[in-house]
Amino acid sequence: MRSEYRSSIRSKTLIRNALLSLMAEKPFDKITITDVVNRADINRGTFYAHYGSTLEVLQKIQSDATNELRTIFESMDYKNFFNDSEKTLKRISEFLSKDFEYYKMLIMIDGGKSFVASWKDNLVNFFSGISFLNSQGGENNEKYTAINFVINGVADAYLDILLGKSKLTLEEAPTALSTIVKRVMAPYL
């Protein structure tokens, strides 16, 4: 791996981590580029080589995390998610456990609203666009509601785990949540 590439990755990581740690301390709109570069222990030129603003850093953090989670769902056999969601939920748990503190910090930003809303919307759109869920007739609204319920419920359960509000652990979540997913989705499969 070339040293410039490693340096770029290192700088972006320092910038992202600095912004996240600052956001745990004060509102986003009060954080300046100077705050970020001081926390990251880099110079302004390094910051501007990668980002134009703190908002751009935050948007990149959120889009990267959303894309990583979306990749987990898109790589699966969607019909099996509803029949055997435990496998996919294990992948989500493993994904979150690789950098638990990072994702915990990410969702704590503004209560995690923008990141979580983006993630939920992407997943609901992904599942609702699947042809086997879009049969003709009056079931569409019910199916969409069931999908929405499952996605939001699973996402909120993981949020509660990350925030320490749940007795479930990341290791226990796939088994417990998959049981609920199967029950809710059974009429639509």
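Thr54 touches Leu19, Phe28, Ile31, Thr32, Ile33, Val36 and Phe47, residues up to four places away in sequence not being counted; contact here means heavy atoms within 4.5 Å. Thr54 is found in helix 4, a helix being a DSSP run (H or I) of at least four residues, numbered from the N terminus. With a relative accessible area of 11%, Thr54 is buried (under 20% relative accessible area, 1.4 Å probe, protein chains only). The model is predicted, with local features needing pLDDT of at least 70 and side-chain atom pairs counting only at pLDDT 80 or more, while totals for chains, interfaces and linings use all residues. Residues are numbered from 1 along each chain as its sequence is written, and side-chain values use heavy atoms, without hydrogens and water.

Helix 4 (residues 54-74) packs with helix 6 (residues 85-98) at an angle of about 155°, their axes lying 9 Å apart. Helix 4 is therefore roughly antiparallel to helix 6 (angles over 145 degrees). To this contact helix 4 brings Ala65, Glu68, Leu69, Ile72 and Phe73, and helix 6 brings Thr88, Arg91, Ile92 and Phe95.

The largest nonpolar core has 49 residues, such a core being a set of buried Ala, Val, Leu, Ile, Met, Phe, Trp, Tyr and Cys residues joined through side-chain atoms within 4.5 Å. Among the residues with the most contacts inside this core are Leu19, Val36, Phe47 and Leu96. Helix 9 gives the most to the core, with ten residues. Leu96 touches Tyr103, Tyr158, Leu162 and Leu170, again without counting residues up to four places away in sequence.

Definitions and conventions. Axes fitted to C-alpha atoms, helices over the stretch in contact; angles between N-to-C directions. Helix = DSSP H or I, 4+ residues; strand = E, 2+ residues; numbered from the N terminus. Parallel < 35°, antiparallel > 145°, perpendicular 65-115°, else oblique. Buried < 20%, exposed > 50% of the residue type's maximum accessible area, 1.4 Å probe, protein only.
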